[in-house]
Amino acid sequence: MFPLGIYPVANPDAVCRMVENEMVIVLPTQGQIKVLNEVASQVWMLSDGSNTLQRIIDEICTNYLIDNEQARNDIEEFIQTLIDKSMMTLVAAPLTPCS
């Protein structure tokens, strides 16, 4: 499990576009494409380096009425998948606009 105070950060090289309720993410430098459902899209958009993992979990729980434990497990699994594909990283402190 990741620490709840960690900050997920989407890869800044990723190009993304919302199509209907799905986010299409392309990582041109690696030739990777990922299509995200509505919930995963929201996690991606919140992963800007200013929101902790706890904040992201809370937001998903509020918007989709799921319990905290299930949300945490699903979000951590999703984030790990993106980390494995070099589409996301975790940082210990929030990013500032000049970071």
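Reply: Helices (H or I, at least four residues) and strands (E, at least two) are DSSP runs, numbered from the N terminus. This is a predicted model, where local features need pLDDT of at least 70, side-chain atom pairs count only at pLDDT 80 or more, and totals for chains, interfaces and linings use all residues. Residues are numbered from 1 along each chain as its sequence is written, and side-chain values use heavy atoms, leaving out hydrogens and water.

Me: What makes β2 and β3 a pair?

Reply: Five bridges join β2 to β3 (residues 22–27), and the cut-off is at least two, so they pair. The two run antiparallel; Met18, for one, has Met23 in β3 as its bridge partner.

Me: Why are β2 and β4 called edges?

Reply: The open sheet has the order β2-β3-β4. β2 (15–19) and β4 (32–36) each have a single partner strand, so one side of each lacks a neighbour in the sheet.

Me: Why are α2 and α3 called oblique?

Reply: Their axes cross at roughly 120 degrees. Axes are lines fitted to C-alpha atoms, for helices over the stretch in contact, with angles from 0 to 180 degrees between N-to-C directions. Under 35 degrees is roughly parallel, over 145 roughly antiparallel, 65 to 115 roughly perpendicular and the rest oblique. The helices α2 and α3 are therefore oblique to each other.
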